[in-house]
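Please keep the sequence and the model in view while going through the points.

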Amino acid sequence: MRIAILSRNAKLYSTRRLVEAAINRGHEVRVLDHLRCYMNISSSKPTLHYRGEDLPHYDAVIPRIGSSVTFYGTAVLRQLEMMGVYPVNESVAVTRSRDKLRSLQLLSRKGIGMPITGFANSPDDIQDLIKMVGGAPLVIKLLEGTQGIGVVLAETKKAAESVIEAFLGLNANIMVQEFIKEAGGADIRCFVVGGKVVAAMKRQGAEGEFRSNLHRGGSATLVKLTPDERKTAVKAAQIMGLNVAGVDILRSNRGPVVMEVNSSPGLEGIEKATGKDVASMIIQFIEKSAKPHKTRTRGKG
Ligand code: ADP
Ligand code: MG
């Protein structure tokens, strides 16, 4: 098969591993920087151009679109879908997953467990917002944050008020969330491919740190999931309409709660922690699923 990978950087671990796995399994593969793609959407025959070249037909595309370029990246992906290329994750699902508010609303609608979460733009009553999620201690998150930056634990009601005021004063979009203390500074990353959890790791925050992000000094180890955790991860990916997803779960007293669902989950941490060849599993999924014009919007919203 001919496989395209939408990625800004061919040197990234995840991109390199996908290229390697595709070649090992006998496919032709090419990395396309989606920001360098341009397209013709006015004709009845949609095309995609890349650095002066009219791109040939691809059987499948693996989107690895960074969150800062979602808008243009998903437009390129949509164009490929119109050309009949099979997307591992569809543009609609990628867009959906990038909106945290929309994602959590979709998951809650289908009964997925999650931390009690409040969203606010400019509440007149911060006290009421705090009360709504069960009071302090609580976690305040910037919607645009990644890698743990912009996630704050407010231990007291006073601290929570000041932080919320400060963020809103900067016109930031925030989320206020119940603090799952019993998670003990750890979370579980479930890597879902084609409706199955193919690998899972536990990320434990550094001593005294409630955030488990590897970028914040956390460490990753292999973990065995409970059947309930497995089911929750698979269902969350399915609701989002993602064939490949990284579902992040906290172990709470009332069972697994989903924090977020990532549509371009990194391969480095999970492959190193579990010793599994996740890249090849993604390629095998494509071999099984790719058919021309098979784009179909799954999930809702
Ligand atoms: P980011 O997108 O920046 O990674 P997350 O929402 O994943 O932000 O939060 C970063 C880390 O903080 C999580 O991996 C988890 O360890 C911890 N954390 C986030 N929310 C909660 C919560 N409600 N209760 C307990 N720990 C949390
Ligand atoms: Mg995270």
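**Helix packing, domains, cores and local features**

Helix α4 (residues 100-109) packs against helix α7 (residues 227-240) at an angle of about 120°, and their axes are 10 Å apart. This makes α4 oblique to α7, a class left over once angles under 35 degrees are called roughly parallel, over 145 roughly antiparallel and 65 to 115 roughly perpendicular. The model is predicted: local features need pLDDT of at least 70, side-chain atom pairs count only at pLDDT 80 or more, and totals for chains, interfaces and linings use all residues. Residues are numbered from 1 along each chain as its sequence is written, chains are lettered from A and ligands numbered from 1 in the order in which they are written, and side-chain values use heavy atoms, with hydrogens and water left out.

**Helix pairs**

- Helices (H or I, at least four residues) and strands (E, at least two) are DSSP runs numbered from the N terminus.
- Axes are lines fitted to C-alpha atoms, for helices over the stretch in contact, and angles run from 0 to 180 degrees between N-to-C directions.
- α4 passes α7 in a right-handed crossing; a crossing is right-handed if the near helix is turned clockwise from the far one by less than a right angle, and left-handed if anticlockwise.
- On the α4 side, Ser103, Leu106 and Leu107 meet Ala236, Ile239 and Met240 of α7, where contact means heavy atoms within 4.5 Å.
- Helix α2 (residues 70-82) and helix α3 (residues 91-98) cross at roughly 160°, and their axes come within 9 Å.
- α2 and α3 are therefore roughly antiparallel to each other, and their crossing is left-handed.
- Thr70, Thr74, Leu77, Arg78 and Glu81 of α2 meet Ser91, Val94, Thr95 and Arg98 of α3.

**Domains**

- The chain is assigned domain 1 (2-90), domain 2 (97-113 + 182-284) and domain 3 (117-179); such bounds come from an automatic or database domain assignment.
- Taken over C-alpha atoms, the centres of domain 1 and domain 2 are separated by 25 Å.
- Domain 1 gives 20 residues to the contact and domain 2 gives 18 residues.

**Nonpolar cores**

- A nonpolar core is a set of buried Ala, Val, Leu, Ile, Met, Phe, Trp, Tyr and Cys residues joined through side-chain atoms within 4.5 Å.
- Buried means under 20% relative accessible area, exposed over 50%, and partly exposed in between (1.4 Å probe, protein chains only).
- The largest nonpolar core has 26 residues, and those with the most contacts inside it are Ile62, Phe191, Leu267, Val278 and Ile282.
- At least two residues of this core come from each of β1 (2-6), α1 (13-24), β6 (60-63), β12 (186-193), β13 (196-204), α8 (268-274) and α9 (278-289).
- α9 supplies the largest share of this core, 6 residues.
- Domain 1 and domain 2 both give residues to this core, so it lies between them.
- Val278 touches Phe191, Val198, Ala199, Leu267, Ile270 and Glu271, not counting residues up to four places away in sequence.
- A second, separate core of 25 residues includes Leu225, Ile239, Leu242 and Ala245.

- Tyr13 lies in helix α1 and counts as buried at 17% relative accessibility.
- Leaving aside neighbours within four places in sequence, Tyr13 is in contact with Leu267, Glu268, Glu271 and Lys272.
- Gly185, in the loop between β11 and β12, counts as buried at 13% relative accessibility.
- Gly185 and Gly208 are 23 residues apart in sequence, and their C-alpha atoms are 8.2 Å apart in space.
- Beyond neighbours within four places in sequence, Gly185 is in contact with Arg203, Gln204, Gly205, Glu209, Phe210 and Ser212.

**Backbone exceptions**

- Most residues other than glycine have a negative phi, and most peptide bonds are trans.
- A cis peptide bond, with omega about -5°, joins Ala136 and Pro137; Pro137 is in the loop between α5 (126-132) and β9 (138-142).
- Arg51 has a positive phi, near 50°, and lies in the loop between β4 (47-50) and β5 (53-54).
- At 52% relative accessibility, Arg51 counts as exposed.
- Asn171 has a positive phi, near 60°, and lies in the loop between α6 (157-169) and β11 (174-178).
- Asn171 is exposed, with a relative accessible area of 72%.
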